[in-house]
Amino acid sequence: MTDNAMLSARYHAAHGMALKLGETALSYFGRTDALEISMKGFQDWLTIADGTVEREFRAMIAEAFPGDAVMGEEQGGGASERLWIIDPIDGTSNFARGDRQWCVSIGFVLNGRPELGLIHAPALGEMWLARRGGGATLNGLPIRCSTNTDLRRSTIECGWSTRRPTEEYLGIVTRLFAEGSSVKRSASGALGVAHAANGRTDGYIETHINSWDVAAGLVIAGEAGCRINAFCSGNWITEGNPILVAAPGIAEIVSRESGIALA
């Protein structure tokens with residue numbers, strides 16, 4: 001089977017999988033008493049739905065593509081030639097509180113390069129899809145990133161990571177505000193990248209983020225025309241990296257103020 005045929009098969013299968021996983025996650029959403037909420041660490045939320053969705057996905061892949069590996073936020077994994085990377089619920093703190101800003105994020109990586117991306121936000125009725133070289137869509141319609149060239153008219157989402165000093169985060173936010181940008185945070189890195197891809201914001205940055213948060217979004221944002229840093233470098237799959245995704249017209253200044261170099 002050629003790489004093209006192999007990727008096509010996974011692209012079409014993953015769409016159906018994402019819809020089913022979204023249904024599973026929605027069956028828990030809003031049922032605070034049934035979520036078995038716990039904390040993996042400082043502001044690191046976990047619910048029973050996270051594990052359930054990831055286990056369901058692993059079973060799907062094992063049946064449909066038994067030679068493929070899976071890496072997930074909850075059950076781990078590692079680099080492989082054909083690798084699915086899933087965050088079963090990105091934005092778990094939102095999910096646990098009944099906020100609809102959460103999603104299922106699925107990326108497929110071939111020989112270390114992200115090739116397919118799906119971000120499904122079932123509580124919002126939205127799904128972003130992309131295949132490298134094939135464009136990006138939201139609910140079946142093509143998307144492009146913002147054409148804004150003026151940071152004073154921009155909105156940048158700045159994700160916050162407990163793995164980096166708070167002072168570093170506040171410094172970036174302060175510098176962006178000083179340059180005239182509006183800054184926001186919605187607690188879902190996957191949706192943050194997706195929103196930059198279709199122009200709801202002008203960019204997303206975070207000084208450290210894990211691969212399962214952005215493996216899907218990297219493909220979507222790239223196909224939508226965003227500029228992106230060299231996230232897929234070093235041991236990015238297992239250790240993560242900083243992320244910068246931005247509209248081309250403001251990417252350079254966002255890179256300068258955040259200290260995250262563009263590729």
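A polar contact here is a pair of N or O atoms within 3.5 Å, where within protein one atom must be able to donate a hydrogen and the other to accept it, and where residues adjacent in sequence count only if both atoms are side-chain atoms. The views below come from a predicted model, in which local features need pLDDT of at least 70 and side-chain atom pairs count only at pLDDT 80 or more, whereas totals for chains, interfaces and linings use all residues. Residues are numbered from 1 along each chain as its sequence is written, and side-chain values use heavy atoms, with hydrogens and water left out.

**View 1. Helix α1 and the side chain of S8.** S8 is placed in helix α1, and its side chain makes a polar contact of 2.7 Å with the side chain of R131. Helices (H or I, at least four residues) and strands (E, at least two) are DSSP runs, numbered from the N terminus. Helix α1 covers residues 3-28, 26 residues in total, and reaches 37 Å from its first C-alpha to its last, close to the 38 Å expected at 1.5 Å a residue; the expected span is 1.5 Å times one less than the number of residues. Buried residues of α1 include M6, L7, R10, A14, M17, A18 and L21, where buried means under 20% relative accessible area, exposed over 50% and partly exposed in between, with a 1.4 Å probe and protein chains only. An α-helix has 3.6 residues a turn, so residues three or four places apart point the same way. The buried residues of α1 pack against α2 (48-64), β4 (82-90), α3 (92-97), β5 (103-110), β6 and β7 (126-131), a contact being heavy atoms within 4.5 Å. The C-alpha atoms of S8 and G203, which are 195 residues apart along the chain, are separated by 29 Å.

**View 2. Helix α4 and its cover.** Helix α4 (residues 166-178) has 13 residues, and the 18 Å from its first C-alpha to its last is close to the 18 Å expected at 1.5 Å a residue. Y169, G171, I172, V173 and L176 are buried in α4, and what covers the buried residues of this helix includes β10 (155-158), β11 (182-184), β12 (203-209) and α8 (251-258). G180, which follows α4, has a positive phi near 100°.

View 3. S146 is found in the loop between β9 (141-142) and β10, and it counts as buried because its relative accessibility is 14%. The side chain of S146 reaches the backbone nitrogen of N148 at 3.0 Å, and a polar contact of 2.7 Å joins the side chains of S146 and D202. Leaving aside neighbours within four places in sequence, S146 is in contact with A196, G199, T201, D202, A247 and P248. T201, placed in the loop between α5 and β12, is buried, with a relative accessible area of 2%. With neighbours within four places in sequence again left aside, the contacts of T201 are S146, T155, K184, G192, H195 and A196.

View 4. Most residues other than glycine have a negative phi, and most peptide bonds are trans. N139, a residue other than glycine, has a positive phi near 50° and lies in the loop between β8 (136-138) and β9; at 47% relative accessibility, N139 counts as partly exposed. A187 has a positive phi of about 70° although it is not a glycine, and its place is in the loop between β11 and α5 (189-197). At 24% relative accessibility, A187 also counts as partly exposed.

**View 5. The second largest pocket.** About 220 Å³ of space lies in the second largest pocket. On a 1 Å grid over the protein atoms alone, a pocket is an open set of points where a 1.4 Å probe fits, with protein on both sides within 12 Å along at least five of seven lines, and lining residues have an atom within 4 Å of a point. Grid points are joined across faces, edges and corners, and the volume is the space filled by probe spheres set on the points. The pocket is lined by 13 residues, of which R113, P114, L218, I228 and C232 lie nearest its centre. The elements that give two or more residues to this lining are β6 (113-121) and α6 (211-223), and the largest share, four residues, comes from α6.
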